[in-house]
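Colleague: Thanks for sitting down with me over this one. Could you take me through how the pieces pack together?

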Amino acid sequence: MSASFPFQITAAPEPVAPEYQFVIFADVGGLEDYYALFQHFGFGGTAASWVEHIETIIEEYQPALLDEIEFGEGDQTFIVYASGQVAVDEFLACVLPYFGTLPALRKYLSQADPDDFFA
């Protein structure tokens with residue numbers, strides 16, 4: 001398992017936008033245990049659900065990071081475009097404590113209110 005699990009990082013393809021150098025993504029459709037955990041606590045578990053929860057975490061703990069990333073569209077894939085390596089590192093440092101392991105995600109989701117989220 002990589003140090004960035006469940007996320008993978010790659011160089012952004014040229015056509016995305018010149019301001020984004022990296023893509024952070026997770027194959028949400030292939031993370032069945034994560035999906036089941038989201039469902040257990042009353043959340044969708046889809047890529048849109050991941051965006052909503054991760055954006056909330058970043059807004060609370062690292063709001064300036066939102067200026068350096070952009071969430072993308074993906075059906076079964078969570079996607080974030082990052083301006084550079086610093087933004088990638090800050091994203092991982094902020095989000096992995098909540099999404100990096102199933103026990104961490106369980107703890108986070110058990111304290112989140114499904115009524116506060118749409119997805």
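Modeller: Happy to, and bear in mind that the model is predicted. Let's begin with α2 and α3, which are oblique to each other.

Colleague: At roughly what angle do the axes of α2 and α3 cross?

Modeller: Helix α2 covers residues 47–61 and helix α3 covers residues 85–99. Their axes come within 10 Å. Angles from 65 to 115 degrees would count as roughly perpendicular and those over 145 as roughly antiparallel, and this pair is therefore called oblique. The crossing is at roughly 120 degrees.

Colleague: What is the handedness of that crossing of α2 and α3, right-handed or left-handed?

Modeller: The crossing of α2 and α3 is right-handed.

Colleague: And how do the residues of the contact of α2 with α3 divide by class?

Modeller: From α2, the contact uses W50, H53, I54, I57, I58 and Y61. From α3 come F91, C94, V95, Y98 and F99. The division is 10 nonpolar, one polar and no charged.

Colleague: Which residues make the contact of α3 with α4?

Modeller: The axes of α3 and α4 come within 6 Å and cross at roughly 85 degrees, so the two helices are roughly perpendicular to each other. By class, their contact has six nonpolar residues, with no polar and no charged ones. Those residues are P97, Y98 and F99 of α3 together with A104, L105 and Y108 of α4.

Colleague: How is α1 oriented relative to α4, roughly parallel or roughly antiparallel?

Modeller: Helix α1, residues 32–40, packs against α4 at an angle of about 20 degrees, with the axes 10 Å apart. Angles under 35 degrees count as roughly parallel. So α1 and α4 are roughly parallel.

Colleague: Which residues of α4 does α1 meet?

Modeller: The crossing of α1 and α4 is right-handed. On the α1 side the residues are D33, Y34, L37, F38 and H40. This contact has six nonpolar, one polar and two charged residues. The α4 partners are L102, L105, R106 and L109.

Colleague: Now the largest pocket: what is its volume?

Modeller: Its lining consists of T56, I57, E60, Y61, P97, Y98, A104, K107, Y108, Q111, A112 and F117. By class, that is eight nonpolar, two polar and two charged residues. The volume is about 230 Å³.

Colleague: Which helices each supply at least two residues of that lining?

Modeller: The lining includes I57 and Y61, which also take part in the contact of α2 with α3. Y98 is another lining residue, and the contact of α3 with α4 includes Y98 too. The helices are α2, α3 and α4.

Colleague: One last thing: which residues does the cis peptide bond join?

Modeller: Most peptide bonds are trans. Here P6 lies in the segment before β1 (8–11), and omega is about 10 degrees. The cis bond joins F5 and P6.

Notes:
Residues numbered from 1 in each chain as written. Predicted model: local features only at pLDDT ≥ 70, side-chain atom pairs only at ≥ 80, totals over all residues. Heavy atoms only, no water. Axes fitted to C-alpha atoms, helices over the stretch in contact; angles between N-to-C directions. Helix = DSSP H or I, 4+ residues; strand = E, 2+ residues; numbered from the N terminus. Left-handed = near helix turned anticlockwise from the far one by under 90°. Contact = heavy atoms within 4.5 Å. Nonpolar A, V, L, I, M, F, W, Y, C, P; charged D, E, K, R; others polar. 1 Å grid on protein atoms, 1.4 Å probe; cavity = no way out; pocket = protein on both sides within 12 Å on 5 of 7 lines; lining within 4 Å. Points joined across faces, edges and corners; volume = space filled by probe spheres on them.
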